[in-house]
Amino acid sequence: MMNFNSYSLTKMTKDDKDTTYDLFFGPNHPGMHGNFGYVLDMVGTEINSVKPNAGQLHRGFEKLMEQRGWVQNLTLVPRICVMDPDPNEVAYCMAVEKIMNVEIPERAKYLRTITLEMSRLTSHLISIGGAGASLGLYTPMYWSMADRDRVLDMFEWLTGGRVYHIYNIPGGVRRDAPRGFFKKLNETLDYLESRIPEYDRVLFENPIIHKRLKGLGFVSKEDARKTGLSGPNLRASGNVIDIRKDAPYAAYPYLDFDVITQTGGDAFARAVQIRKEYKQTLDIIRQCIKQIPEGEVHASLGNLGMLKVTPGEAYAKVESSKGEFGYYIVSDGGLKPYRVSVRGPSLPAGFLWAQKHLPKMKIDDVAVWMGTLGICPPDFDK
C-alpha cells in the first residue's frame, strides 16, 4: 500500500490510478549510462521510491580474471569502465608489479601518466556534454563528442585502439610513442583549451544550467567521506583528497598541480568540478611531455604470455576521472590470479545515494543527477 501522505500532488491526482505506475529508467533509456536501470515507483512525474536494477551486464569480471592468464586479463579490465578504461589497466598492472617487486622504467611512468590523463580528458568531455544533453542542450554534446574524437585519434596512433587501449602491461607499457606523437598531442591540447570558453558560454554560464543543477543531489562534506564517495564527487563537497597527491604513483610525484575543490556539494558543484579538472588535465599532460626522459619503456619480465607471478598479495589504486579504482590481487605463483577484487567509485553513488536523492525528485532530473555523479554501471557487475 502506497503512502500517499508523502506525495505533493493534489487529492484528485492521488485518487487517479493512471498517475501511479512503475517506470523502468534503463537499461534502454537515453539517460542511462550502460547496462543498468532504476525501477522507479512514480506518482505523476514525481518519484516515490527507487529500486536499483543491476546485474544485466552478465560478466562477473573478478571471477573471469581468475580463469585467465595474467596478461590476458588486460583485455578484460578496461571494460569495467568504458568511458575511462586506462585506470583499470594501470591499477591492475601496479598490483602485479607490487607482488613481483618490479620497478618500471622512468619513461614508462610518464607514458602511463599521459595515457591516464588522456583517458580522463575523454571521460570529462562525455560528462561535460552529457550535462547539457540531459537538459535538452544538445550543442555541447555534439561539440564534446567531436572534440573527444581528436583525443581518440591520438590514442589510436599511440596504442592501435580508440576505446580500449590495452597499452599498459606488467613492467611498463607495450611500446614507445611514435615519432611526432608529442608534437601532435601538444597541438591537440592547444585546440581543446581554445574550446573551453565556448563550453563556458553555452553551458556553464547558461541560466538554465544554474537553475536546474543548483541544489540538486546535495552531499555534505562529512557525508561524502562517510559514504565512500571518491574523486570529483568527494572534492565537489569540499574534501581535499586526491590519490595522485596522497599516494602518488607513475609520474605524479614529479608533477606540479593542486587539488581542486568546490564547496557547493550539489550537481552544479560537481559539474564545475569536472570543468576545472578538465582544464587542469591539459596542463598535467603538457608537463609530462616537457619532462619525459629518454630510456626503456618496460622492464624485462620474460615471455608475458607465460608470466608467473610470485606468490603474494597486493592492493594498488589510482585516481580515475570518477574516483578511486583499486585492485586487490592474490597470487599463488601460477599462470593466473588466485583472486582478484576490484574497488570501483560508482557503488556509493549508484546505490546508496540513489536511495537518498531520488525519492521526491522529478523524473526530469534523474539523467542529469546520474551524469553529475559520474555513475559507471559496469562497475556494479564486477
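**Charges over rings**

The charged end of Lys356 lies over the ring of Trp353, at 5.6 Å from the ring's centre. Arg150 is likewise placed over the face of Tyr191, and here 3.7 Å separates it from the ring centre. The model described here is a predicted one.

**Aromatic pairs**

- Across the whole structure, a search finds 13 aromatic pairs.
- One of these joins Phe36 and Phe351: the ring centres are 6.1 Å apart and the planes meet at 40°, so the pair is classed as tilted.
- Phe36 belongs to the loop between β1 (20-25) and β2 (37-43), while Phe351 belongs to helix α12 (residues 347-357), so the pair ties together parts that lie 315 residues apart in sequence.
- Phe36 is buried, because its relative accessibility is 0%, and a buried residue is one under 20%.
- Phe351 has a relative accessible area of 29% and is therefore partly exposed.
- Tyr252 and Phe257 form another pair, with ring centres 6.2 Å apart and planes at 70°, so the arrangement is edge-to-face.
- Both members of that pair count as buried, Tyr252 at 2% relative accessibility and Phe257 at 5%.
- A cluster linked by ring pairs contains Phe36, Tyr38, Phe351, Trp369 and Phe380.

**The sheet and its helix**

- Strands of a sheet pair through backbone hydrogen bonds, in either a parallel or an antiparallel sense.
- In this model, 3 strands make an open sheet with antiparallel pairing, and their order is β1-β2-β3.
- The antiparallel pairing of β2 with β3 runs over 7 bridges.
- Met42 is found opposite Ile47, a residue of β3.
- Helix α12 packs on the sheet and touches β2 and β3, and the direction of α12 makes about 160° with that of β3.

- Leu203 is located in helix α6 (residues 181-204).
- With a relative accessible area of 2%, Leu203 is buried.
- Apart from neighbours within four places in sequence, the contacts of Leu203 are Ile128, Ala131, Gly132, Leu137, Pro140 and Ile209.
- Gly129 is 74 residues away from Leu203 along the chain, and the C-alpha atoms of the two are separated by 8.7 Å.

**Cysteines**

- A disulfide is a covalent bond that joins the sulfur atoms of two cysteines.
- The search of the whole structure finds 0 disulfides.
- Cys288 is accordingly in no disulfide, and the nearest cysteine sulfur, which belongs to Cys93, is 18 Å away.
- Cys288 is buried at 0% relative accessibility.
- Cys376 is also buried, with a relative accessible area of 3%.

Terms used:
Residues numbered from 1 in each chain as written. Predicted model: local features only at pLDDT ≥ 70, side-chain atom pairs only at ≥ 80, totals over all residues. Heavy atoms only, no water. Phe/Tyr/Trp six-rings, centres within 6.5 Å; stacked < 30°, edge-to-face > 60°. Helix = DSSP H or I, 4+ residues; strand = E, 2+ residues; numbered from the N terminus. Buried < 20%, exposed > 50% of the residue type's maximum accessible area, 1.4 Å probe, protein only. Lys NZ or Arg CZ within 6 Å of the ring centre and 35° of its normal. Contact = heavy atoms within 4.5 Å. Pairing = 2+ DSSP bridges. Axes fitted to C-alpha atoms, helices over the stretch in contact; angles between N-to-C directions. Disulfide = S-S within 2.5 Å.
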